[in-house]
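Take a walk through this model, one element at a time. Keep the viewer open as you read.

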Amino acid sequence: MRNKTVTTFVLLGLTDDQNLQGLVFVFLLLTYMLSVAGNLTIITLILVHSHLRTAMYYFLQNFAFLEISFTSACIPRYLYNIATGDKVITYNACVSQVVFTDFFGVTEFFLLAAMSYDRYVAICKPLHYATIMSSKACRRLVFCCWVAGLCIIIPPLSLGLNLEFCDSNTVDHFICDASPLIKISCSNTWFMEQTIIICAVLTLILTLMCVVLSYIYIIKTILGFPSAQQKRKAFSTCSSHMIVVSLSYGSCIFIYIKPSAKEEVAINKGVTVLTTSIAPMLNPFIYTLRNKQVKQAFGDSIKRIVVFSKK
């Protein structure tokens, strides 16, 4: 008789080597702390400095919040597993982790698409920018991104809650992820796998089309500028977003490569480390180091803190 009442899973993690586990713990702890600190800094700067309260920075603020939420949904749990040696995770905790990581991850793609539209309006329709990208319009766009993320994950999630686990509860990953959970399920997962692929491809196509179309018009407009200085300034306002988009979409390409079974596990873990740990750490630096207004706001805040500490 099959056991349909699995209450816990065992996460194998990234490696069994004790020495490597120590290095992994330090690496993930540092990247997590830098990610949270960097994204919180961006959120705080935009809240404190009135000249940063524009549409572009409103989207950036929401993106920073998503990055904190996304990395916090999985990295702290794995750090706890390494620190305590306890690899067991309850069924409910596992389901929650899948829901939140997928929800935040999908919402990020829609928000990146909204941010590319914002850049399109700023460069291609500068005279109408304030009207088109009003506070109300920005709030609606962000709300639509969250709703779209929720709508995308509901179909596969509803199917996933009906999965049965019989012979094994060992998950070959460091977080609860759909792919390794499907592999150990004794249910017929064909329909669920097709649903996941359809939802993932739909998300990528819809958001990537928006990004690509926006940048086609942006590049076409910029190339029509008369002076080289205007072109450089216009490209600089988009460069940070383009780097983040390339990092986000580039990492997803590896998921849809069809390697051998052993390579697939390694690639899946590697891409997950990149998306959940490294990318959220890099994104604040990408946006701040290439943005004069954010750097100025950061410098002003440091000066205020120094002056206040001397009193």
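Ile-205 sits in helix 8, which spans residues 190–223. Helices here are DSSP runs of H or I with at least four residues, strands are runs of E with at least two, and both are numbered from the N terminus. The model is predicted, so local features need pLDDT of at least 70 and side-chain atom pairs count only at pLDDT 80 or more, while totals for chains, interfaces and linings use all residues. Residues are numbered from 1 along each chain as its sequence is written, and side-chain values use heavy atoms, with hydrogens and water left out.

Ile-205 is partly exposed, at 45% relative accessible area. Buried means under 20%, exposed means over 50%, and partly exposed lies in between (1.4 Å probe, protein chains only). Ile-205 belongs to a nonpolar surface patch, whose members also include Ile-197, Val-201, Leu-208 and Tyr-217. Together the patch residues have about 780 Å² of accessible area. Areas come from the Shrake-Rupley method with a 1.4 Å probe, and for residues only the protein chains shown count as cover. Patch residues have over 30% relative accessible area and no salt bridge; like charges are joined within 9 Å, and nonpolar side chains (Val, Leu, Ile, Met, Phe, Trp, Tyr) within 5 Å.

Three strands form an open sheet in the order 2-1-3, with mixed pairing. Strand 2 and strand 3 stand at the edges with a single partner each, so one side of each has no neighbour in the sheet. Strands pair through backbone hydrogen bonds, either parallel or antiparallel. Two strands count as paired if DSSP finds at least two bridges between them. Strand 1 and strand 3 pair in the parallel sense over two bridges. Val-10 stands opposite Thr-170 in strand 3. Strand 1 and strand 2 pair in the antiparallel sense over three bridges. There, Thr-8 has Thr-90 of strand 2 as its bridge partner.

Which residues form the covered face of strand 1? They are Phe-9 and Leu-11, while Thr-8 and Val-10 form the uncovered face. In a regular strand, side chains alternate between the two faces of the sheet. Helix 4 (residues 91–124) lies across strand 1 and strand 2, running at about 80° to strand 2. Axes are lines fitted to C-alpha atoms, for helices over the stretch in contact; angles run from 0 to 180 degrees between N-to-C directions.

Asn-81 belongs to helix 3. Asn-81 is buried, at 5% relative accessibility. Asn-81 touches Leu-11, Asp-86 and Lys-87, leaving aside residues up to four places away in sequence. Contact means heavy atoms within 4.5 Å.

Lys-87 leads on to the salt bridges. The whole structure holds three. Each is a side-chain nitrogen of Lys or Arg within 4 Å of a carboxyl oxygen of Asp or Glu. Lys-87 meets Asp-16 at 3.5 Å, N to O. Lys-87 lies in the loop between helix 3 and strand 2, and Asp-16 in the loop between strand 1 and helix 1, so the pair ties together parts 71 residues apart in sequence. Lys-87 is partly exposed at 27%, whereas Asp-16 is exposed at 59%.

Arg-119 and Asp-118 meet at 3.0 Å, N to O. Arg-119 is buried at 8%, and Asp-118 is buried at 1%.

Lys-269 and Asp-172 also form a salt bridge, with their closest N and O atoms 3.0 Å apart. Lys-269 lies in helix 10 and Asp-172 in the loop between strand 3 and helix 7, so this pair ties together parts 97 residues apart in sequence. Lys-269 is buried at 11%, while Asp-172 is partly exposed at 33%.
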